[in-house]
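Take the model below and go through it one feature at a time.

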Amino acid sequence: MAVSPGNAEMAARWTGFDPAWYRARYAPVLDLMGIPDEQVHDFYADHGAALRHSPNPFFDEEWYLTTYPDVARHVAQGTWRSGFDHYLTTGLHTHSPHWLFDEHAYRAAYADITPAMLAAGGYRNGYDHYLRVGDGEMRSGSCFFDPAAYLAALPHAAGPDTAAHPFVDYLLRGMAELPWQSLSLYFDAEWYRATYPAMQAEVTQGRFVSALHHYLCNATPMAFDPGPFFSESFYAAVNPDVLAAIESGALRNGYAHFLKDGVHEQRKPCSALDLAGYLRDPAIQADLATGRARDGFGHYLSTRPDLRPPAPPPVTEEQARALFRHMCAMRLPLLLDGRIDFSNEGPPALSVIIVAHNQFEMTMSTLASLRANHHGAMQVIVVDSGSRDGVAGIERHVKGIEVLRYAGNIGFVRGCNAALRHARAPATLYLNNDVDLQYGAVANALSRLMAAETTGAVGGRVVRTHGMLQEAGSIIWRDGSVQGYMRDAHPAVPEAGFMRTVDFCSGVFLMVRTEILQVLDGFDESFAPAYFEETDLCMRIRALGYRIIYDPAICLVHYECATSDATSASRLIARNSTVFTRRHAGALRRRPLRHAPLQARARHADSGRGHVLFIEDRLPLRYLGSGFTRSNDIITGLAALGYRVTVYPVFRPIEDAATIAAAFPPDVEVIHDREQADLADFLHGRSGCFDAVWIARTHNAARLAEIMNNAASAIPADRIVVDTEALAACRDESQHHLRGTTPEQPFALRLEHELRPLFLARRVVTVNETEARLLRGAGFDNVSVLGHALTPRATGPGWEQRRDILFLGAVHDRDAPNLDSLAWFSAEVLPLLVAELGPDFRFSVCGYVNPRVDLGPLRQHPNVRMLGRVEDTAPVYDQHRVFIAPTRFAAGIAHKLHAAAANGLPVVGSPLLCRQAGWQDGHDMLCADVTDPGAFARQVIRLYHDRALWDTVRENALIRIAAEHDPQDYRLRIAGIMDTLFTHD
C-alpha cells in the first residue's frame, strides 16, 4: 500500500476516491463480482455507496451513517447519494468523518485553529487542517489516538513519511499491522483482547480491523468496557441521567459521556476508583492546570498509583549530616587557591561575622555559599578561634576577608564581640560556619531589615540537613524555655511560610542593624561561650522598641551542633537558661505559658489588633474574579490595619507556591495544604488562637455551620462575620425573569432559606445597599455594606489610539452569568457590530476560564480574540475603546464594571448592572436592553464612534470610582466592621 502522501496531495486525496485503497479494502466483493481495476470507480458509484463502502481510508461510510441516523434516512430517501456526499456538501463543519477524529473536539482543543486561520490557510475544515498539517505537528484528533504512542509502538523505526503523518500512516497500514496495540491511555487494547475473546474472532475474520475499531464501531457499545478502570454497567447504574441520554440516542455509551463531561464532574468511572478523592492531591491538580494531562482520569492512567512501588524509607538526620560533611569535603579542592573572592573597593552594605573553630571544609563551603548567594559589597570577618586545621591559614585561600586570630578557642560569643568592633557596614550578619545559604537569602534579609526603621533584626527559615525545619522563628515561653517554631515540620508548611514579628531568631543567621549592636555592645558575655546569647540579644533589641522579623524568603540549610558535643551543649544550655530567666523575669511574665495549642498565638511577639481567620471557597487570587478579587482586598485591608490574618480555603488549592506567595501580603498566613474536611481539626488545634472569624459567601456559612457549632469552645463564637458577597436568590430571580420561567418556590421563601446560616454572624456584610435592605427587611439589624476598593488609572491612551471592544471577566462554571453574557452577546449582538464596524473589527475576551468550561464555539468565531488570563491587564484595557458588560442575571456588584471604569475604559452594560452600581445611564456608563440585541449594538456603536460622549462617560466614571472606592476609605470601612465585633452591645 502507498506510503503517507504529502501535504499537497492530501488536500485532494481525502475528498476523493482512492481506487487502489478501495480495491484492497473490498477485494472479496470486487473479486466475486469480477470487477477489473479500471471499473472500480464505476462500481463504487453504481453499487459501493449503497453497500456503505467508504471511498478512501479517511472517511468511514458505515460509521458515519450509524452515528448520524438522520443522514442515513436522507440517504435512504435519495436526498444524498451517500454519507460521503452529505459530508462533503453540508457536513464538513458540523459532523465528524471518521471514528478516530472528532471535528468539534479538535478545534476546541487547539485555540489557534480558528475559522479565520482555516480560511487564511485554505483549509476546508478542521479535518483538512489535521490531515495536511496538524498530523505532522503531532496533534491529535481523538483522545483514542496519541501519535507519540503510535510511533513508539511501531516494530521498526519510523521513517520520515511515518513521522510526518502518524495518523495517516496508522489508517493506511498501522491499524492492520498493530490490531491489538494500545494507542492512548483511554483504551487498553491488550486488556480488551483478553477480556472479550469473541471480539478477537471478529477482527481475525475481517469484520473489524482492530480492537479499537471494534470498540468504537460495534453495534452494542454498552456491552464493552474500554479498560479495567471504566465500567459501563457501574456508570449507568449510578448515573441515571446518563442512562436516560443513552437510551434516547443522545449518547453512544457511558464512556462517551464520561470522557466529555463526567471526568470533569469527577464522577466515578468504576467502583474501585474514587476520582474526586484522587484529585484532592494539589500536585495532581497542578498537573491538570498546566496541561500535563488531559483530565484526572488520564492522569491516573498515566501514573497508575496502584502499581507504584512503596516509597523508600526517609533519610535519617544522621545519614544526611554525614552526606553534608562528605559534600563539603568533596567541594573543598574546588574552593582553594583564592577562588573565593570578597574583595571590593566601595563601602560595604553588610558586615558578616563568622566564628570558626576548626571545621575547615565546612567553613570554606559556607564562605563559597555566601559569595555565590550575594554579589554585593561585603565585609567578611572570620574569627579563627584557636583552629588547628586549614582555618589557621584560611586567608591564603579566600581573598578579601579579614581574619581575627586567637591562640585558643574563645567561643562564639566573645569571637562575635571581637569582630563587631571591626564592623563597618550599616548591617551586621552573624553567620554560622556550617550553613548552605539558599537563593536570595542575604539580599532578602537586607531588604527586609532596611524596609522599616522599626525593624532591628531579621532571621529566616532554618532547615536541617535531612530537610526538616530547625525553626521558622522562635518562641520564648513564660518559664524562660525556648522553642524553634515548627521544628521537625516540612519547610513548606503554611505555618512557616509567612512573615511575622517574633521573640527571636537563631544566631545561625541573624542580621542586625549595626548601630543597635554598638549601642548594646553586642552579645552579653555572661552567656559565653554560647547558647541563649541571641535570645538575650533579641530581648534587649525589643526593649529598645525595635522588632525582630522572621521572613521565610530567607532560607538556609544548617548542619546543627557541628562544633560542640551533646554533653557540653546540654550543660551550657541549662546554665545559660537560668541566667536568661533571672535577667528577663519581668518581661517573661507577659509571655504565654508553655502549652502546645498556644503555639500559633505565641509565635507572634506582638499582639497586634487581633488574629482573624478568613474562610473562602478558594484561595482568593485576584485573577479569579467572581468576588475573589474583593476577598483579596479585604484580606489586604485587614493586614494593613494591623490584624494578623490566616486564610483558609474550603477547597484545597491547586496553584503553585510562587503564585500563592505573590497573591497576598507577606505577613498573611495562607493554609494551602488543607480544605473543609480538615477544618474541624484545624480549629481545635488552634483553640483560643483566633480573635475573629470572617466567612466569605453565604453558602460557605451553610457548609460550615455544623463545624462552627461543634468547635464553639475553640473559636471566638461571638465575633463571626458572614460576608454574603452576592445573594444567590437575587441572581436566580433575575435569571428566571430573563428566561420567563417560574421558580418552584417564591422569592421570599428562597431568600429565607439562603439567609438561615446567618445565625452564625455577629455582623453580616453585603456588597451593596440594595441587598442590605433585603436583609434588614428580613429582620437583620447587624448589616454593613462593603463594596470594592479601586484606584483610578487614567493614564491610558485616548480615543483615537484605541479600537475594538473588550470583555474581561472570569468564567468558573457552565451556569456562570459571564458565560451566559458571552454566549448571548457573541450570538446576537456581535454579528450586528461586525456588519456596522467592518470585518476587521475584533471582540476581545480576557480572563480566567475553568478548564471544565468549553469555550470552543467562541474561539471559532472569526471576529473573537481569546486572550485568556493575563498577568497585567492594564495594557489590555489600554488597547480597547469600549468595554461591554451584558450581564443578564447576577447578584452583588460586578467588579468588572468598576475595574474597567477605573482603568479608563467606558462601559456599555445591562440595566441590571447599572442599578446594582447605582450609576446613571448616559453619565457614568451606557445602559442597553439585554433582551434587544439591536438596542445593545446601537449603544456600543454610539459610544464607539462618539468621541465627545466617550470622553464624558470615561471622565465621569473615573470621578465616581475615586469618590466611592478609595482604598483608604475601604480600609476604614473594614475597620468599622471589625470594631463592631469588639464592642459590647
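A salt bridge is counted where a side-chain nitrogen of Lys or Arg lies within 4 Å of a carboxyl oxygen of Asp or Glu. The model is predicted, so local features need pLDDT of at least 70 and side-chain atom pairs count only at pLDDT 80 or more, while totals for chains, interfaces and linings use all residues. Residues are numbered from 1 along each chain as its sequence is written, and side-chain values use heavy atoms, with hydrogens and water left out.

By this rule the count comes to 60 salt bridges. One of them joins Arg542 to Asp503, with the closest N and O atoms 3.5 Å apart. This pair links distant parts of the chain, 39 residues apart: Arg542 belongs to helix α28, and Asp503 to the loop between β12 (500-501) and β13 (509-513). Helices (H or I, at least four residues) and strands (E, at least two) are DSSP runs, numbered from the N terminus.

Helix α28 (533-543) also takes part in the lining of the second largest pocket, as one of the elements that each supply at least two residues. The others are β2 (350-356), α25 (411-420), β9 (469-472), β11 (482-484) and α29 (566-583). A pocket is an open set of points on a 1 Å grid over the protein atoms alone, with protein on both sides within 12 Å along at least five of seven lines; a cavity is a set of points where a 1.4 Å probe fits but cannot get out, and lining residues have an atom within 4 Å of a point. The second largest pocket has a volume of about 1100 Å³, a volume being the space filled by probe spheres set on the points, which are joined across faces, edges and corners. Its lining has 36 residues, and Ala530, Tyr531, Glu533, Glu534 and Cys561 lie nearest its centre. By class, this lining divides into 14 nonpolar, 16 polar and six charged residues. Here Ala, Val, Leu, Ile, Met, Phe, Trp, Tyr, Cys and Pro count as nonpolar, Asp, Glu, Lys and Arg as charged, and the others, Gly among them, as polar.

What does a search of the whole structure find in the way of cavities of 30 Å³ or more? There is one. The largest cavity has a volume of about 50 Å³. Among the residues that line it are Gly809, Val811, Leu822, Cys846 and Met866. Strands β23 (843-846) and β24 (864-868) are the elements that give two or more residues to this lining. The lining has seven nonpolar, three polar and no charged residues.

Turning to helix packing, the axes of α23 (residues 317-335) and α24 (residues 360-373) come within 8 Å and cross at roughly 70 degrees. Axes are lines fitted to C-alpha atoms, for helices over the stretch in contact, and angles run from 0 to 180 degrees between N-to-C directions. The two helices, α23 and α24, are therefore roughly perpendicular to each other, a label given to angles of 65 to 115 degrees. Their contact (heavy atoms within 4.5 Å) includes Phe324, Cys328 and Leu332 in α23 and Phe360, Met364 and Ala368 in α24.

The backbone has a cis peptide bond between Ala528 and Pro529, with omega about 5 degrees. Pro529 is found in the loop between α27 (514-520) and α28.

Notes
Angles under 35 degrees count as roughly parallel, over 145 as roughly antiparallel, 65 to 115 as roughly perpendicular and the rest as oblique.
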